[in-house]
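This report describes a pair of packed helices and a set of annotated positions. The sequence and structure are shown first.

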Amino acid sequence: MSNPSLLILPGDGIGPEVMTEVKRIIDWFGAKRDLAFDVEEDLVGGCAYDKHGTPLHDDTMAKALQVDAVLLGAVGGPKYDNLDFSVKPERGLLRLRKEMDLYSNLRPAQCFDALADFSSLKKDIVAGLDIMIVRELTSGVYFGEPRGIFEEGNERVGINTQRYTESEIDRVARSAFELARRRNNKVCSMEKANVMESGILWREVVQKVRDTDYPDVELTHMYADNGAMQLVRAPKQFDVIVTDNLFGDILSDCAAMLTGSLGMLPSASLGAPNADGRPKALYEPVHGSAPDIAGQGKANPIACILSFAMALRYSFDQGDEAARLEAAVEKVLADGVRTADLLGEEGVTPVSTTGMGDAILAALDASL
Ligand code: NAD
């Protein structure tokens with residue numbers, strides 16, 4: 001049987017720096033866990049524009065559609081800020097999401113005990129937090145028609161349309177229920193059914209999917225504004241939250257920052273299952289290309305490393321190996337190893353990007 005395939009797109013700024021550490025970890029799994037990947041590497045974002053005049057070459061797009069998973073670093077940077085909108089680095093990422101039809105965006109909010117002091121909330125409210133927000137990513141008010149700014153009488157009116165079809169709600173709900181089954185079997189669906197018809201439909205369809213195909217999963221419904229309040233009041237009440245594109249955008253940023261630094265946050269975007277049952281998938285850290293620290297060896301590679309852990313779990317059915325990698329990260333943090341973005345305690349000297357990679361590899365060795 002052939003190895004699982006992975007397309008690596010390091011991108012711009014700190015993207016290549018953090019991805020170098022992920023590549024060392026991928027090699028470790030090949031050498032020490034008999035888990036080898038067929039890895040191809042290519043360009044996305046500004047570096048692709050520099051070489052090809054487009055932020056995502058058609059050949060790269062074709063490869064992304066063929067592999068089992070895509071792992072992306074970050075795109076963008078000041079050098080590209082004045083490019084035409086159509087060739088800006090972010091367009092490469094948007095094209096990947098669109099053509100891979102990645103409708104389910106997974107954003108975990110997990111608080112490592114060693115970093116609980118970094119949260120803006122009290123330690124006992126966030127310590128041990130482990131929730132997953134599933135955001136619908138390809139529909140809703142960001143895409144609905146009509147949209148635009150129109151003349152109406154003697155003033156202008158700005159219009160966006162919240163629009164969801166039953167099938168769009170159905171598929172993202174399934175994605176959330178599948179996920180819940182791998183976790184603590186609980187889903188909370190958030191909308192505003194009290195004031196929005198799209199919310200009424202959302203609630204009905206999510207409930208129907210649950211009753212028909214996932215009766216073993218506990219489902220609750222919550223208005224999204226209450227959800228925001230509950231996330232900062234008592235976030236540990238949740239396991240999986242499923243919500244639409246707009247509410248998910250806001251709630252996932254809010255939940256993620258409960259846990260501290262941007263350099264720690266992974267994400268996954270999943271699409272429809274391929275013929276072999278695996279979803280099309282793109283894994284990437286939440287952070288951008290951090291031009292202010294690029295090239296200085298200061299970037300925290302953990303967000304990108306944890307994105308690879310998500311790939312192990314959700315694309316390659318290697319939940320135990322994902323847990324091994326997550327435990328290695330947790331151990332390194334518990335041992336007090338810190339990149340510059342995680343400094344808080346007095347007298348701690350930060351390690352470099354490579355230093356953090358070294359420490360995680362040593363913890364992986366120690367796990368054997
Ligand atoms: P950013 O996430 O790049 O940086 C915000 C702040 O967080 C900076 O101070 C940065 O140094 C710090 N930071 C981010 N990641 C870090 C890490 N791994 N380790 C340590 N510190 C880290 O956001 P920004 O500054 O708003 O955007 C910079 C560029 O990145 C822009 O061109 C933007 O368009 C692009 N961007 C890309 C993505 C993506 O590729 N998915 C996402 C957001 C922004």
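## Basis of the description

Contact here means heavy atoms within 4.5 Å. The model under discussion is predicted.

## Packing of α8 and α9

Two packed helices are described by the angle between their axes and the distance between the axes. For helix α8 (residues 224–233) and helix α9 (residues 245–257), the axes come within 10 Å and cross at roughly 5°. Angles under 35 degrees count as roughly parallel, and α8 and α9 are therefore roughly parallel to each other.

On the α8 side, the residues that meet α9 are A224, G227, A228, L231 and V232. Their partners in α9 are F247, L251, C254 and A255. Sorted by class, this contact of α8 with α9 comprises eight nonpolar residues and one polar residue, with no charged residues.

## Annotated binding site

An unreviewed UniProt entry lists D225, D249 and D253 under "binding site". These positions are spread over 29 residues of sequence, yet they cluster in space, with a largest C-alpha distance of 14.3 Å. From this set, D249 and D253 belong to the lining of the largest pocket.

D249 is placed in helix α9. Its relative accessibility is 25%; buried means under 20% and exposed over 50%, so D249 counts as partly exposed.

Which residues does D249 contact, leaving aside its neighbours within four places in sequence? With those neighbours set aside, D249 is in contact with R135, Y142 and D244.

Terms used: Residues are numbered from 1 along each chain as its sequence is written. This is a predicted model: local features need pLDDT of at least 70, side-chain atom pairs count only at pLDDT 80 or more; totals for chains, interfaces and linings use all residues. Side-chain values use heavy atoms; hydrogens and water are left out. Axes are lines fitted to C-alpha atoms, for helices over the stretch in contact, and angles run from 0 to 180 degrees between N-to-C directions. Helices (H or I, at least four residues) and strands (E, at least two) are DSSP runs, numbered from the N terminus. Angles under 35 degrees count as roughly parallel, over 145 as roughly antiparallel, 65 to 115 as roughly perpendicular and the rest as oblique. Ala, Val, Leu, Ile, Met, Phe, Trp, Tyr, Cys and Pro count as nonpolar, Asp, Glu, Lys and Arg as charged, and the others, Gly among them, as polar. UniProt positions are given in the numbering used here, feature names are shortened, and annotations may be inferred rather than shown by experiment. On a 1 Å grid over the protein atoms alone, a cavity is a set of points where a 1.4 Å probe fits but cannot get out, and a pocket is an open set with protein on both sides within 12 Å along at least five of seven lines; lining residues have an atom within 4 Å of a point. Buried means under 20% relative accessible area, exposed over 50%, partly exposed in between (1.4 Å probe, protein chains only).
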